[in-house]
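Student: Please show me the chain. I want to ask what stands behind each term.
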Amino acid sequence: FSHVVSNGTELAVSEDDNGIARVVFRKDNEIIFDLDRILPDGFKLATPSYLQTKDSVLDEEKEKSGFWRACFDSKVISMGDWRKPQEIFILLHEIGHTHQGALHEKLFEGKPTTRSVYDEQKFTAEVDSSLERDAWAYAVKAARHFRELLGIDFFELFNSKEELFAVIYGA
């Protein structure tokens with residue numbers, strides 16, 4: 001996948017023979033930023049072909065290959081089918097999840113000791129909601145960072161705030 005934004009920067013997505021993806025921003029045929037730089041140590045971007053062929057990947061993660069998600073056990077971000085440039089926000093969101101280790105642990109400190117199904121479901125929904133909000137906040141902040149430091153405006157990929165919100169609330 002490749003897309004050029006208005007300032008002439010190319011968003012380029014590629015896959016190597018092992019199914020590892022690379023997402024870079026290029027200007028004048030030079031890489032100005034590689035998203036691997038913001039991944040935590042040990043994490044990589046993976047395509048469905050990578051997830052299906054690696055023994056180290058859990059069966060549950062293999063079943064969900066092709067969907068955008070952070071897989072903590074195998075330390076990969078499973079990439080979906082990149083069809084449009086707006087999906088950079090989904091990738092930044094998933095990268096946001098990879099940075100939530102400490103937040104995730106902090107949220108689970110307050111886990112209820114009662115075993116009622118209602119308490120468990122309510123607690124899980126509250127934690128999931130907090131983690132999702134945090135990951136989307138990371139994505140928006142990262143996009144602002146790219147706009148301010150590199151002049152890459154991914155917000156321009158949307159015709160309106162409502163289109164951006166549709167990605168955020170629909171993912």
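Tutor: Among contacts between residues at least 6 apart in sequence, 51% join residues at least 24 apart. The model is predicted, so local features need pLDDT of at least 70 and side-chain atom pairs pLDDT 80 or more, while totals for chains, interfaces and linings use all residues. Residues are numbered from 1 along each chain as its sequence is written, and side-chain values use heavy atoms, without hydrogens and water.

Student: What makes a residue a contact of Phe 146?
Tutor: Contact means heavy atoms within 4.5 Å. Leaving aside neighbours within four places in sequence, Phe 146 meets that cut-off with residues including Phe 25, Leu 35, Leu 92 and Phe 154.

Student: Why is the set of 36 residues called a nonpolar core?
Tutor: A nonpolar core is a set of buried Ala, Val, Leu, Ile, Met, Phe, Trp, Tyr and Cys residues joined through side-chain atoms within 4.5 Å. Buried means under 20% relative accessible area (1.4 Å probe, protein chains only). The 36 residues form the largest such core; Leu 35, Ile 88 and Phe 146 are among the members that touch the most others. Apart from it lies another core of six residues, Ile 20 and Ala 46 among them.

Student: How do you know that β2 and β3 pair?
Tutor: Strands are DSSP runs of E, at least two residues, numbered from the N terminus. Two strands pair if DSSP finds at least two bridges between them. β2 and β3 have six and run antiparallel, so they pair. Glu 15 has Ala 21 in β3 as its bridge partner.

Terms used
Buried means under 20% relative accessible area, exposed over 50%, partly exposed in between (1.4 Å probe, protein chains only). Helices (H or I, at least four residues) and strands (E, at least two) are DSSP runs, numbered from the N terminus.
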